Amino acid sequence: MLPGVDAEKEPALPGSFQYTDNLMAAVEYVMRHLYRYLQLLSDPGAAALAQAAALVRSDLDFLPVLQKLEREYPHEIAREAVSQALFRVKAARKFSQADRMFFTKDGLEQASGELVSNYRADRLGRFQLLFDLTAGIGGDAISFARKGPVVAVERDERTVDVLQANSIALGLTGTLFAIQADSTIPAWRFPRDAVIFLDPARRTSRGRVYSIHHYEPDFLPFTKLTEHVHSVVVKVSPAVRWQEISGLSCEINFISAFGELKEAALWFGESASTARRATILPQGWTLTEKALQEEAVTDPGEFLYEPDPAVLRAGLVQQLAYQLGCTRIEPSLGLLTSNELRPSAAARCYRILDVLPFGLKRLRKTLRDRGIGSITLKKRGSAVDTEVFEKQLHLSGENHCVVLLTRTRGGKVSMLLEEIRNSVD
Ligand SMILES: C[S@@+](CC[C@H](N)C(=O)[O-])C[C@H]1O[C@@H](n2cnc3c(N)ncnc32)[C@H](O)[C@@H]1O
């Protein structure tokens with residue numbers, strides 16, 4: 001709750017609120033609550049926030065800037081302003097308009113980054129009405145609201161305040177309707193053409209949880225609603241256990257951004273179009289499951305490809321090999337090779353400089369002969385302790401290369417590689 005706000009005067013949300021029957025009531029509820037956020041969005045909150053934003057760069061600035069602002073503003077406003085200014089610095093990694101948004105610590109940490117949430121909103125295309133049933137501070141809801149009307153439900157009071165403030169600050173009050181409620185209450189009714197989105201909390205009263213059965217809220221009952229609604233989409237951990245989702249009738253979409261695996265989402269209903277999908281951002285490159293014959297295994301050729309983590313996690317290496325016209329260098333490892341360069345957003349690409357039978361002495365001599373004094377040491381399918389191994393190489397020289405400890409169909413090898421940058425679409 002914001003400073004100076006009298007909880008007594010706040011209207012309560014009716015317990016069994018049925019938005020679909022009464023969307024106007026949701027709008028009215030938002031309007032009645034507006035005064036809460038105006039404090040942060042207008043003087044003196046906004047002036048304090050602007051001052052704090054000009055002064056803070058990192059957590060170390062918190063105390064000195066707070067002390068400075070306290071000379072001009074009440075403690076509560078100064079504290080909120082410095083906290084928000086610091087959140088905005090951190091949030092710039094996730095949101096292009098972070099400098100206008102509001103956050104809570106948990107809300108920011110749990111929020112989906114804009115790159116991924118925009119992709120998801122784009123994929124849904126135009127919808128009549130979307131229900132984000134675990135809206136948090138709005139990481140996903142904001143992207144959805146730029147496409148169409150969103151009812152954004154959040155259980156936590158402080159978080160829903162911030163969500164509301166974001167709707168106002170970003171000019172989305174016409175499409176983003178924030179409501180404080182428990183999504184699991186049985187009074188919910190959804191129109192036929194609605195889309196339901198859930199990003200259940202994985203940090204719960206039990207601490208950090210890993211099983212989908214411990215997520216909050218339990219999303220499984222919502223997946224049954226595809227008989228009535230257009231689609232249900234659920235964000236889950238990219239480390240989700242296959243055995244927990246294999247029985248679900250849905251598409252699973254693994255998403256990476258800038259080569260880092262970010263998340264997975266389960267798509268139920270009409271928007272699901274394949275069983276498994278890997279999406280690579282920012283390129284928006286997508287690979288889906290297809291029935292293919294086993295691809296060939298060959299000796300390494302001129303080039304080596306290390307598939308993006310989303311492709312690996314989705315188990316789509318075979319599809320990538322087929323698409324690029326590559327072969328595997330070993331049946332169980334996800335490393336591909338070709339004699340012609342096949343640049344792709346879906347794989348890091350390397351020129352193969354040398355392939356040596358695995359062995360410390362042989363590798364040390366080859367690196368010395370090539371004047372290689374620094375390496376990026378990687379391993380795939382090797383049990384070697386790379387830190388110890390690298391020290392034992394006693395490197396010296398001006399040149400650099402990537403060394404990969406791995407296996408081919410002929411046995412264990414050390415590969416000397418040169419990364420081909422900008423090979424990505
Ligand atoms: C992972 S966060 C959502 C983050 C959000 N998608 C974003 O990008 O900002 C999950 C949110 O669900 C809320 N939540 C958990 N159980 C809920 C329930 N039964 N009803 C409504 N919200 C709930 C939590 O308070 C938390 O803010």
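Q: Which residues does arginine 362 touch, not counting residues up to four places away in sequence?

A: Two residues are in contact if their C-beta atoms, placed from the backbone, lie within 7 Å. By that criterion, arginine 362 touches Leu356 and Pro357, residues up to four places away in sequence being left out. Please note that this is a predicted model, in which local features need pLDDT of at least 70, side-chain atom pairs count only at pLDDT 80 or more, and totals for chains, interfaces and linings use all residues. Residues are numbered from 1 along each chain as its sequence is written.

Q: Where is arginine 362 placed, and is arginine 362 buried or exposed?

A: Helices (H or I, at least four residues) and strands (E, at least two) are DSSP runs, numbered from the N terminus. Arginine 362 belongs to helix H13 (residues 360-369). For burial, one counts the other C-beta atoms, placed from the backbone, within 10 Å of a residue's own: 20 or more make it buried, 12 or fewer exposed, and a count in between partly exposed. Arginine 362 is exposed because it has 12 other C-beta atoms within 10 Å.

Q: How is tryptophan 285 classed by its C-beta neighbours?

A: Tryptophan 285 has 18 C-beta neighbours inside 10 Å and therefore counts as partly exposed. This residue is part of strand S11 (residues 285-288). Tryptophan 285 and alanine 345 are 60 residues apart along the chain, and their C-alpha atoms are separated by 6.8 Å.

Q: What is the overall make-up of the chain in helices and strands?

A: The chain has 14 helices and 18 strands. Of its 425 residues, 39% are buried. Among contacts with a separation of 6 or more, 68% are between residues 24 or more positions apart.

Q: Which residues touch the most other members of the largest nonpolar core?

A: A nonpolar core is a set of buried Ala, Val, Leu, Ile, Met, Phe, Trp, Tyr and Cys residues joined through C-beta atoms within 7 Å. The largest one here has 107 residues, and Ala152, Ile196 and Leu320 touch the most other members. Helix H4 (residues 75-91) gives the most to this core, namely eight residues. Beyond its neighbours within four places in sequence, leucine 320 is in contact with Leu287, Pro307, Val311, Leu336, Ala346 and Ala347.

Q: How many residues of strand S7 are buried, and with which strands does S7 pair?

A: Six of the six residues of S7 (residues 231-236) are buried. On one side these are Ser231, Val233 and Lys235, and on the other Val232, Val234 and Val236. Two strands pair if DSSP finds at least two bridges between them. S7 pairs with strand S4 (residues 194-198) in the parallel sense over four bridges, and valine 233 is the bridge partner of phenylalanine 197. With strand S9 (residues 260-269), S7 pairs in the antiparallel sense over six bridges; there, lysine 235 stands opposite alanine 265.

Q: Which residues are joined by a cis peptide bond?

A: Omega is the angle to read. It is about 0° in the cis bond between glutamate 216 and proline 217, and about 10° in the one between leucine 281 and proline 282. Proline 217 lies in the loop between strand S6 (207-208) and helix H9 (220-223), whereas proline 282 is in the loop between strand S10 (276-281) and S11.
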